[in-house]
Amino acid sequence: MQNKNKIASMLTLIIAGEAIFLLPFILMRVFKPIIRDVFVISDAQIGEAQALYGLTAVISYFIGGFLADKWQARKLLTLSLILTAFGGFWMTMIPSINSLKILYAFWGVSTILLFWASLIKATRQWGNKNNQGLSFGILDGGRGFFAASIALFGASILTYFFPKNALEISQETKIDTLQYIIGAITCIVFLIAFLVWKFLPKDEVKNLNTEAKFNFKKAFSLLKQKKIIYHSLIIFCAYCAYKLTGVYGTYAKDVWNFSLQEATYFAVFIQFLRPLSAISIGYVADKFIPSKILIPSFILLIFCSLLLGSRVFKNQIIAFSFTSFILMAFGTYALRGLYFAIIEETNTPLQFTGTLVGIISVVGFTPDIFMSLFNGYMLGENPTINEYENLFLTFTIIPIIGLIAAFGFRKSIQNE
């Protein structure tokens with residue numbers, strides 16, 4: 001019975017952990033080509049909206065860390081999902097760009113303040129010292145599979161509504177189709193809020209003040225530790241890579257001349273690589289040490305981004321750049337499955353997990369503020385292969401920094 005409860009708890013965390021981001025992130029990552037057409041906005045304007053999300057989210061990360069150490073995950077996660085879903089109903093009205101920016105600022109609070117640190121803390125507590133790689137790999141891999149399945153469902157709506165000849169698609173058809181997609185995803189988020197309230201045990205994340213009294217001085221002392229600084233940089237660089245996956249679908253449309261449906265299905269295919277890489281790398285990491293596996297993952301990102309930015313794919317068959325995107329996605333999703341698994345290596349007490357997550361997330365997830373803006377302004381209004389090459393070549397700096405941070409983290413924990 002206890003094993004069944006653990007499985008049920010993890011499944012609930014997995015589904016909730018991705019449902020919260022379906023509307024602000026997965027929707028835009030997978031359906032950006034049609035969103036650009038329906039809202040009549042550019043990548044740069046989308047980046048501005050997501051930058052506002054990042055600003056409110058950064059503040060929410062820090063405050064949310066303290067809340068996670070004081071309140072039950074069941075309550076925090078349920079309320080967060082309900083608030084986020086209300087934003088989805090607003091988006092179905094196809095608001096103006098200014099209203100869309102306000103919506104993203106709201107989502108920055110609703111998806112993070114009550115949610116993120118509680119999710120990570122619950123996952124750490126679900127596992128043990130020897131299987132943190134697998135625990136977080138299962139969490140992120142499961143989230144990836146759920147997100148990809150929802151994206152595939154949404155893509156099927158495109159196929160149902162769109163005629164084979166893309167020239168025949170009217171603006172009204174595009175609007176109706178996107179409204180169906182957003183509405184369906186919003187209903188799913190509401191349903192999952194109910195499932196979290198019903199199936200996540202009340203004591204899933206216990207109030208740990210009985211183990212050790214919370215100490216603010218101790219909490220803020222974490223900020224000064226080198227291992228925490230390096231950990232923050234690792235998340236920062238890995239998350240930049242994750243935000244870059246948002247251009248994979250538009251690359252297929254703008255460079256490979258894929259149709260809206262084909263570009264969307266390519267973006268969905270990339271999503272399905274997430275569970276494969278996160279779970280497999282998490283399993284391997286537990287056989288060695290999670291922080292060691294960060295190093296080859298960053299090296300893979302450096303290699304692939306250099307290839308995509310080096311103009312070697314000009315006038316080449318699609319297979320070469322297609323393979324590079326697969327390898328880059330694999331490295332990106334491997335890092336996502338690992339960057340919280342290394343918390344156990346920092347020897348941070350469990351009762352400070354929420355606080356630690358809040359601290360490292362403030363730095364680690366700042367790409368929410370600028371990465372979409374960076375992508376949008378690098379690509380411009382009508383991007384060609386030249387703009388994409390410049391984007392990937394410039395991006396190479398990020399995984400290089402991540403590789404240095406990974407070595408620094410390894411050295412700092414070995415010197416303790």
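Q: Is the crossing of H9 and H12 left-handed or right-handed?
A: Left-handed, for the crossing of H9 and H12. Keep in mind that this is a predicted model.

Q: At roughly what angle do the axes of H9 and H12 cross?
A: The axes of helix H9 (residues 226–244) and helix H12 (residues 290–309) cross at roughly 40° and come within 12 Å. That angle makes H9 oblique to H12.

Q: And which residues meet there, between H9 and H12?
A: From H9 you have Ile234, Cys237, Ala238 and Ala241, and they meet Leu294, Phe298 and Leu301 in H12. In that contact of H9 with H12, seven residues are nonpolar, with no polar and no charged ones.

Q: Let's switch to H3 and H7. How do their axes cross?
A: Helix H3 (residues 73–91) and helix H7 (residues 171–199) have axes that come within 8 Å and cross at roughly 165°. H3 and H7 are therefore roughly antiparallel to each other. The crossing of H3 past H7 is left-handed.

Q: How do the residues of the contact of H3 with H7 divide?
A: Into 14 nonpolar, three polar and two charged.

Q: New topic: where does Phe106 lie?
A: Phe106 is in helix H4, which covers residues 97–110.

Q: Buried or exposed, or partly exposed, for Phe106?
A: Phe106 is partly exposed, as its relative accessible area is 33%.

Q: Which residues does Phe106 touch, leaving out those up to four places away in sequence?
A: Phe106 touches Leu83 and Gly87. As for Ala57, its C-alpha is 9.1 Å from that of Phe106, and the two are 49 residues apart in sequence.

Methods
Residues numbered from 1 in each chain as written. Predicted model: local features only at pLDDT ≥ 70, side-chain atom pairs only at ≥ 80, totals over all residues. Heavy atoms only, no water. Helix = DSSP H or I, 4+ residues; strand = E, 2+ residues; numbered from the N terminus. Buried < 20%, exposed > 50% of the residue type's maximum accessible area, 1.4 Å probe, protein only. Contact = heavy atoms within 4.5 Å. Axes fitted to C-alpha atoms, helices over the stretch in contact; angles between N-to-C directions. Parallel < 35°, antiparallel > 145°, perpendicular 65-115°, else oblique. Left-handed = near helix turned anticlockwise from the far one by under 90°. Nonpolar A, V, L, I, M, F, W, Y, C, P; charged D, E, K, R; others polar.
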